[in-house]
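Open the model in your viewer and keep the selection panel at hand.

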Amino acid sequence: DEERILLGALTFSEMKAGDIMIPREKVFYLEPDALLDAQRIKEIKEKGFGRIPVYESGSRQLKGILRTKNLIGIEPGMKVVDFCNSLNLIIVKEEKRLDDLLDLLIKRKIHIALVVNEAGDFTGVATLEDIMEEILKTEIEDKKG
């Protein structure tokens, strides 16, 4: 275990956000104008994510992050954009080094960074968990339920 972790710690700084990010195609995201109806809220619960990117797929522009805890007690029928937080986002280029990204996430006390390409198009997400898995060289499993 020690050797695995040491190797992970020594090699992770050579990696970039684009190397570990979850690609946009695999990211669960919401459109800003989507209605938070009963079906969508059920889907959000089933996915189990605490933070969901809000992304306008037609323009490939990020609008913010929806923190699912903010949905507690809402009336169905409101729009996603009404609960989307665009402040305090971390948006990084695919070329951002992981050690710099880890420092940024820790300093800003945020668990998720939105990754963009050179043109500024949303390409994926990199989380604190993804970086820790790279350092530890092991999968961190979330407990659900």
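**Stop one: helix α4**

Select residues 98–108, helix α4; Leu98, Asp99, Leu101, Leu102 and Leu105 are buried there. Look down the axis of α4: the buried residues fall within an arc of 160°, so they line one face of the helix. Keep in mind that this is a predicted model.

Now show what covers that face. The cover of the buried α4 residues includes α2 (17–20), β7 (91–93), β8 (112–116), β9 (122–127) and α5 (128–136). Then step just past the end of α4: Lys109 has a positive phi of about 55°.

**Stop two: the cores**

Select Ile90, Val92, Leu98, Leu101, Leu114, Phe122 and Ile131. These have the most contacts inside the largest nonpolar core, which has 27 residues. Two or more residues each come from α2, β4 (61–67), α4, β8, β9 and α5. β8 gives the largest share, five residues.

Center on Phe122. Which residues does Phe122 touch, leaving out those up to four places away in sequence? They are Arg24, Val27, Pro53, Tyr55, Arg60, Leu62, Leu114, Val115 and Val116.

Next, pick Leu36, Ile44, Leu66 and Phe83. They are among the 14 residues of a second, separate core.

**Stop three: the whole chain**

Zoom out and color by secondary structure: the protein chain has five helices and nine strands. From the N terminus, the order is α-α-β-β-α-β-β-β-β-β-α-β-β-α. The radius of gyration is 16 Å, close to the 15 Å that the globule rule gives for 145 residues, so the chain is as compact as a globular protein of that length. Finally, color by burial: 39% of the 145 residues count as buried.

Key
Residues numbered from 1 in each chain as written. Predicted model: local features only at pLDDT ≥ 70, side-chain atom pairs only at ≥ 80, totals over all residues. Heavy atoms only, no water. Buried < 20%, exposed > 50% of the residue type's maximum accessible area, 1.4 Å probe, protein only. Helix = DSSP H or I, 4+ residues; strand = E, 2+ residues; numbered from the N terminus. Arc of directions from axis to C-beta. Contact = heavy atoms within 4.5 Å. Core = buried A, V, L, I, M, F, W, Y, C linked by side-chain atoms within 4.5 Å. Rg over C-alpha atoms; globule rule 2.2 N^0.38 Å.
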